[in-house]
Amino acid sequence: MNPEDIRRISRSDPQTIERVITVLGAQVAQLEARVKELERQLKQNSQNSSKPPS
């Protein structure tokens with residue numbers, strides 16, 4: 001989303017703005033879950049992982 005997209009959305013009706021915010025909120029939640037999973041994977045090593053070292 002670029003600045004022009006944001007300006008266009010800000011001039012939209014309230015329902016459109018609500019939908020955009022809802023979609024963005026869902027995307028944030030998905031990204032937060034992905035980061036959490038990647039951080040969990042980073043904390044694993046050969047001592048606490050069920051997989052042998054490569």
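The model is predicted.

The protein chain comprises 54 residues, of which 6% count as buried. Its secondary structure amounts to two helices and zero strands. Helix 1 covers residues 3-10, and helix 2 covers residues 14-43. The accessible surface of the chain comes to about 5000 Å², and 57% of this area is supplied by carbon and sulfur atoms.

A nonpolar patch on the surface is formed by Met1, Ile6 and Leu24, whose accessible area together is about 290 Å². Of these residues, Ile6 is found in helix 1. The relative accessible area of Ile6 is 46%. This value lies between the limits of 20% and 50%, and Ile6 is therefore classed as partly exposed.

Side chains of opposite charge can pair when their charged atoms come close. Four salt bridges are present in the structure. Among them is the contact between Arg7 and Glu4, in which the closest N and O atoms are 3.3 Å apart. Both residues lie in helix 1, where a separation of three residues corresponds to about one turn of the helix. Glu4 also forms a salt bridge with Arg11, with a distance of 3.7 Å between the closest N and O atoms.

Glu4 has a relative accessible area of 38% and is partly exposed. Arg7 is likewise partly exposed, at 43%. For Arg11, the relative accessibility is 59%; because this value is over 50%, Arg11 counts as exposed.

A further salt bridge joins the side chains of Glu37 and Arg40, with an N to O distance of 2.6 Å. This pair belongs to helix 2, and its two members are three residues apart, about one turn of the helix. Glu37 has a relative accessibility of 28% and counts as partly exposed. Arg40 is also partly exposed, with a relative accessibility of 41%. Neither residue is classed as buried, because that class requires a relative accessible area under 20%.

Note on methods. Residues are numbered from 1 along each chain as its sequence is written. This is a predicted model: local features need pLDDT of at least 70, side-chain atom pairs count only at pLDDT 80 or more; totals for chains, interfaces and linings use all residues. Side-chain values use heavy atoms; hydrogens and water are left out. Patches are made of residues with over 30% relative accessible area and no salt bridge: like charges are joined within 9 Å, nonpolar side chains (Val, Leu, Ile, Met, Phe, Trp, Tyr) within 5 Å. Accessible areas come from the Shrake-Rupley method with a 1.4 Å probe; for residues, only the protein chains shown count as cover. Helices (H or I, at least four residues) and strands (E, at least two) are DSSP runs, numbered from the N terminus. Buried means under 20% relative accessible area, exposed over 50%, partly exposed in between (1.4 Å probe, protein chains only).
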